[in-house]
Amino acid sequence: MIPTAFEYFAPKSLDEALRLVERHGDEAKLLAGGHSLLPLMKLRLSVPRYVIDIGRIKSLRSIREDAGALVIGALTTHHDMETSELVGSRCPLLAETAAEIGDVQVRNRGTVGGSLAHGDPAADYPAAMVALDAEIVVAASSGTRRIRAEDFFVDLLTTQLRPGEIVTEVRVPASPEMSGSAYCKLHQPASGFALVGAAAQIALDSNGKLASVAIGMTGVAVRAYRARAAEAVLAGNKPSGKLLAEAAEKVADGIEPLADLHASAAYRRAVASVYARRALETAISRANERKA
Amino acid sequence: MKIEGQYILPGPPEAVWERLNDPAILVKSLPGVETLEPDGPDRYRAKIQYKMGAVSGTFAGEVELSDKNPPHAMKLKTSARGGPGFVTAVGQLDLVAKGKETEVHYSGDLQLGGLLAAVGSRMMEGAAKKSIDEFFQAIATSLGNSSQ
Amino acid sequence: MATTTKYVGKPVKRKEDARLIQGIAHYVDDRVLPGMLYLGVVRSPYAHARIRAIDTEKARTAAGVVAVLTAADLSQAIGPVPCAAQLPDLKPAPRPVLALDEVLFVGEGVAVVVATDPYTLRDALDLVDVDYEALTAVVDPEKAARKDSPRVHDSLADNIAYRWEIEGGDLRKAFRQADRVLKLRMTNQRVIPVAMECRAALAEYDRGDDRLTLWSSSQIPHLLRTQIASMLKIHESSVTVIVPEVGGGFGSKLNVYPEEALVSYLAMHLGRPVKWIESRRENFLATIHGRDQICEMEFAVQRDGTLLGLRAHIIADLGAYYQLLTPLIPTLSGLMLCGCYRLPNVRVEITGVLTNKMSTDAYRGAGRPEATYFIERGIDFVAAELKKDPAELRRKNFPKSKDFPYVTATGLIYDTANYQAAMDLALQKAGYKKLRREQEAARKKGRYIGIGLSSYVEICGMGPSSAMPAGGWESATVRIEPTGSVRVLTGSSPHGQGEETTFAQIAADFLGVGIEDVAVIHGNTSIVPYGIGTFGSRSTAVGGAALYRCLEKLRDKLLKIAGHLMQEDPAKLVLRGKQVVSRRDAHKSMPLLDVISAAYMAKTLPEGVEPGLDETDFFEPSNFTYPFGTHVAVVEVDPETGTVKLLKYVAVDDCGNVINPLLVEGQVQGGIVQSIGQALLEEAIYDEQGQLLTGELTDYAVPRAADIPWLETYRTVTPTPVNPLGVKGVGEAGTIGATPALVNAVVDALSRLGVRHLDMPMKRERVWKAIRDASSAPSGRARKAK
Amino acid sequence: MSVSIQLRVNGKTYQSAVEPRLLLIHYLREVLGLTGSHIGCETSLCGTCTVLVNGRAVKSCTMLAVQADGAEITTIEGLSAAPEAGGLHPVQQAFREKHGLQCGFCTPGMILSAVQLLGDNPNPGEAEIRRALAGNLCRCTGYQHIIESVRYAARKLRSQKR
């Protein structure tokens with residue numbers, strides 16, 4: 001209902017923000033759109049002493065191209081992502097994923113940086129980010145570093161981010177010709193989070209074989225992951241119904257699925273296969289459409 | 001919520017047993033526990049500062065060791081209560097010698113109350129497993145340190 | 001009805017909307033009084049625990065905190081929450097306003113804090129330290145009913161609150177004669193009302209006038225006033241209850257709650273206004289829940305589908321304490337369990353069980369959705385077992401329209417109906433035969449499409465008084481003011497149903513005035529006459545009937561005066577277009593205002609006619625009303641994930657005469673969607689320790705706009721003779737009709753796999769599991785129902 | 001430890017000193033007395049507190065007042081006061097015309113979400129309307145009349161533009 005009291009800072013620049021996070025470390029929480037943090041604070045499940053509102057750092061809200069990569073500022077809202085022409089043309093998977101997040105109001109305020117830094121195991125973006133081989137750029141007073149999305153997510157609500165670091169942008173490599181992508185999501189009916197989210201990013205070669213295939217899964221386990229075993233079944237092969245089904249069977253290989261009120265581990269595992277297969281089917285048919 | 005698992009710890013059961021019964025080790029190993037004050041035999045009052053990502057909170061807690069059968073088995077009960085509700089974890093620990101190491105089998109029951117039960121259940125099983133991992137990792141580390 | 005109906009029967013736009021769409025309406029929380037304090041409740045995180053100690057010191061001394069009180073301070077001053085139910089051998093389980101020694105459910109109040117602002121209050125609530133000793137929680141109602149179960153209440157011998165039974169006909173004979181006996185066990189799960197506005201209460205006490213004013217988000221202002229006066233042991237004449245705008249009730253505000261008494265008491269004792277606003281979290285924990293019944297049914301049937309007899313046992317989970325009507329609700333299920341069928345031989349037993357949970361009570365439909373679900377699911381089950389078309393089986397067992405009034409084996413007298421006509425229309429609108437062909441074609445392609453029917457009858461227009469715990473009548477007063485404006489005062493207490501409009505429609509037509517001339521006043525116990533309130537689809541059927549009779553009296557008086565002035569036989573005069581017009585000669589007329597003036601000037605009144613234009617009526621209905629209808633749902637099940645997609649929904653409802661078709665449609669649509677919620681999404685889940693796991697909107701799913709298909713709604717019209725308007729009520733129809741249609745459709749979709757029954761909510765995993773279990777069974781058809 | 005903020009609400013400029021933890025919904029309701037926006041939950045899921053912040057629909061219970069410093073806010077009270085509308089906003093009129101409300105508690109938020117939708121998409125289909133309103137719960141209407149209201153408003157707004 002009502003958060004506990006905290007001290008508030010609204011830095012205007014990244015440098016100022018970095019100085020503040022360095023000074024307050026673990027006792028501070030960064031506030032961007034607020035749609036991960038404020039609900040927790042209102043329930044008093046999060047009780048930071050300092051809140052550093054980075055929402056006014058204009059340099060963090062941008063979408064641009066840089067050396068072939070799509071570079072998305074941390075303060076880019078889900079709505080920006082959903083409606084950006086640049087994202088739509090260069091990386092439709094991200095636009096499609098953004099459109100599946102929460103509801104209109106959430107997409108208007110929630111930011112990509114905030115969502116990634118929160119590390120919610122059921123958030124939507126991580127599936128796409130790991131499938132896209134995106135890099136998450138984090139800054140600290142000592143300098144910046146880039147973390148591969150696949151490494152960034154560590155555990156429940158836990159990422160590679162260290163105290164004193166701020167996510168500043170996400171770099172997404174350009175996707176090859178004749179690629180296709182899709183995000184298929186089974187919504188948790190109450191909260192809208194992903195019970196299972198499967199992101200597929202594939203590319204076909206001129207013979208119709210899968211030149212590359214990446215499958216990112218969210219909601220299934222404590223962190224988003226690449227379904228490598230499933231990818232291995234497909235890579236270099238011509239997709240067929242049988243092959244896709246065989247690959248989909250492997251999307252949760254070696255994974256311990258989460259279990260909660262809304263889905264048991266067995267159900268998550270089964271639906272992960274179904275949704276991965278559907279995402280692959282859609283991605284392939286989209287790639288074929290582009291080809292034609 | 002039932003939780004089960006096993007760990008291999010570097011050292012004989014006697015050494016593991018000693019660590020598990022040492023409040024100085026416990027306070028360092030139990031995730032989030034800041035202080036342990038004795039409150040009767042094998043009972044401690046704890047101050048717990050819990051943090052997992054953005055989730056954080058201060059809880060008052062208790063740690064209790066019981067049904068001891070040194071160095072084979074014991075019950076470890078930890079409980080914490082605070083604004084968002086309470087958590088009680090009762091775990092049975094069984095220690096079995098495996099060569100120079102000890103296999104610890106634990107099986108326990110995790111009970112959540114209040115708001116934690118309502119909104120925390122999505123994460124709680126994972127969080128509990130993570131905490132248990134951290135606990136045994138810390139015990140393992142303490143064993144490693146002493147053997148050096 | 002009046003000679004002209006300019007308004008009645010027309011889709012008149014609502015009068016209440018102007019303020020609501022502009023954000024200038026006032027709900028309780030919108031009211032700010034000078035010096036107002038804020039009250040919060042410290043609630044138990046345990047389902048069952050002994051309170052060892054409560055340390056209030058830190059909270060009491062915090063800045064901005066005015067008072068901290070526990071049961072020790074209040075238990076003598078405030079009586080327990082009232083329960084109006086009277087059943088033979090009902091064990092007492094009254095709810096104290098705050099728990100004294102033991103808490104019996106998660107969310108039960110143990111202390112209150114009063115502070116100067118909501119933020120200070122929230123902080124202070126965390127400073128109250130309660131030391132609990134956890135006790136064994138009793139959660140499963142069937143286990144709770146066993147002799148060896150731990151007890152919820154120490155003071156009671158066991159957890160069985162009551163046993164109730166009803167019997168009609170010769171059941172033994174029916175079962176002896178039956179070709180088949182078919183058994184089915186079903187649950188109608190616990191659900192949470194989730195009115196968009198949580199509960200709210202604000203009290204102010206004027207010591208000089210000895211006047212307590214309580215604003216509450218309630219459906220029953222007068223009953224609340226009476227009960228607050230008796231809980232606080234004060235004069236009822238000192239208490240005014242004001243129910244301003246109410247953001248939905250659905251039965252959850254047809255109750256008296258501890259917080260209403262607490263703010264009242266504290267306002268009196270602190271001498272400052274005290275406000276309490278429920279959080280959604282509290283709304284989940286500590287506002288009544290609904291349903292929660294398990295039913296075992298046995299049908300005695302003939303091979304041709306004729307129903308001979310029904311034996312049923314219902315276990316009803318009442319929760320820890322009784323709220324206003326808690327024990328009574330399941331008995332309504334028992335009474336209505338025969339549904340709309342000729343079922344001459346019946347026996348229903350109900351066991352009401354206490355558990356460590358929030359109380360169940362009247363949730364939209366209150367007992368009838370459960371009954372309808374059980375019988376309608378049962379009918380489809382019987383049809384499937386006998387390999388009959390479910391529509392044919394229904395047709396075979398409906399009473400004919402000439403059989404009405406129809407007396408059921410449970411002793412109810414169904415007023416009027418044509419079940420057949422409603423079902424035929426529904427089947428026609430849904431294209432039933434075509435649907436069956438499409439279903440068959442889809443099956444061949446491996447698609448799982450199902451068609452589900454539900455023919456329901458509900459018990460509405462709650463009266464008569466003989467059958468109600470606190471009176472079944474309703475009141476109305478109509479005043480025509482000297483300027484010609486009309487004021488309708490009603491004891492009903494609408495909160496979204498739109499009676500400010502429908503009652504104005506009735507009055508305007510009756511008096512031949514414009515709808516803009518009529519103001520409908522409700523919800524202030526110092527202004528309107530005593531009333532029973534709005535629930536049980538009763539406002540128009542009973543409150544509207546009281547209004548009608550007031551209007552008759554007023555019309556007769558106006559015509560008598562007009563006849564005197566116009567020198568015309570009053571019987572030959574009508575009210576039309578603000579004129580009194582002669583039926584014999586249309587040129588002979590007089591402005592209505594002249595007649596009204598005459599009534600107030602009182603210089604030219606006919607002999608024996610009193611001055612003024614002010615009539616009151618208390619209408620006592622002779623019977624309930626029994627609306628009915630048939631709903632058809634078409635679903636497709638995704639066999640890989642268990643996702644149920646609703647493809648089509650057709651509803652035919654018969655609520656008798658209709659005052660405003662737009663509003664009737666709104667009621668039906670809203671009810672259906674609430675019911676879709678129960679069928680597919682909603683369930684209050686308590687764990688083994690009695691923790692409410694679905695205790696926030698994050699985990700309790702209510703339908704959203706994107707979850708629902710376009711609903712097709714139609715009506716048949718069979719008026720009732722029970723009230724002069726011929727209306728039956730429509731507030732609950734949708735909620736009652738829809739759940740079985742949906743479950744029947746899903747079971748129908750999966751029947752070829754051998755699925756014979758599914759319990760609600762038909763969540764994806766449950767459906768997926770049923771498919772998987774059925775598919776892996778050696779012989780699908782031979783599987784037993786669960 | 002209050003923070004000074006300045007913002008425009010319904011066309012009026014306000015300057016206030018607020019506690020950092022004050023939620024925007026409480027600022028609007030308790031400080032400015034604009035009680036048309038309601039509170040229906042604490043988990044950002046019901047949408048009854050929806051207001052427009054710089055033209056976008058936002059749940060004002062999930063935003064701090066300090067975050068709104070410098071923002072332009074429209075609440076339901078400001079929608080009808082908007083000078084270009086001349087009385088009721090077409091979406092407000094439509095809700096009345098099509099019986100898009102019953103108890104009215106969700107209505108202000110619902111209307112503001114619909115206003116944003118029609119700004120983005122002047123001719124939305126049923127599915128688009130349902131998706132745009134997915135962040136606003138209504139327990140009374142079953143949504144159908146709300147959808148009809150939005151369609152009606154869309155027609156009206158389109159004809160006004162012509």
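**Chains, interfaces and backbone**

Author: Of the 148 residues of chain B, 49% count as buried, where buried means under 20% relative accessible area, exposed over 50% and partly exposed in between, with a 1.4 Å probe and protein chains only. This is a predicted model, in which local features need pLDDT of at least 70 and side-chain atom pairs count only at pLDDT 80 or more, while totals for chains, interfaces and linings use all residues. Residues are numbered from 1 along each chain as its sequence is written, chains are lettered from A and ligands numbered from 1 in the order in which they are written, and side-chain values use heavy atoms, with hydrogens and water left out.

Reader: OK, what is the order of elements in chain B from the N terminus on?

Author: Chain B runs β-α-α-β-β-β-β-β-β-α-α, with 4 helices and 7 strands; these are DSSP runs numbered from the N terminus, helices being H or I of at least four residues and strands E of at least two. Chain B has a radius of gyration of 15 Å, close to the 15 Å of the globule rule for 148 residues, so it is as compact as a globular protein of that length. That radius is taken over C-alpha atoms, and the rule is 2.2 Å times the number of residues to the power 0.38.

Reader: And the box that its C-alpha atoms fill, what are the dimensions?

Author: Roughly 45 × 30 × 30 Å along the principal axes for chain B. Of the contacts in chain B between residues at least 6 apart in sequence, 48% join residues at least 24 apart, a contact being heavy atoms within 4.5 Å.

Reader: Switching to chain D, how many helices and strands does it have?

Author: Chain D has 6 helices and 5 strands, in the pattern β-β-α-β-β-β-α-α-α-α-α along the sequence. The radius of gyration of chain D is 16 Å, close to the 15 Å that the globule rule gives for 162 residues, so chain D is as compact as a globular protein of that length. Buried residues make up 65% of those 162, and the C-alpha trace of chain D spans about 50 × 35 × 25 Å along its principal axes.

Reader: How much do chain A and chain D bury between them?

Author: About 2500 Å², with 57% on carbon and sulfur atoms. Lys42(A), Gln105(A) and Arg109(A) supply 24% of the area that chain A buries against chain D, more than any other three residues.

Reader: What about B and D, how far apart are their nearest C-alpha atoms?

Author: They are 10 Å apart, and chain B and chain D do not touch.

Reader: Last topic, the backbone. Where are the cis peptide bonds?

Author: One joins Pro70(B) and Pro71(B), with omega about -15°, and Pro71(B) is in the loop between β4 (55–69) and β5 (73–82) of chain B. Another joins Gly463(C) and Pro464(C), with omega about 0°; Pro464(C) lies in the loop between β18 (448–457) and β19 (474–480) of chain C. Most residues other than glycine have a negative phi, and most peptide bonds are trans.

Reader: So which residues have a positive phi without being glycine?

Author: Among them are Asp67(B), with phi near 45°, and Val194(C), with phi of about 50°. Asp67(B) is found in strand β4 of chain B, whereas Val194(C) lies in the loop between β8 (180–191) and β9 (200–206) of chain C.

Reader: Are those two buried or exposed?

Author: Asp67(B) is exposed, with a relative accessible area of 53%, while Val194(C) is buried, at 2%.

Conventions: Buried area = accessible area lost by both parts, 1.4 Å probe.
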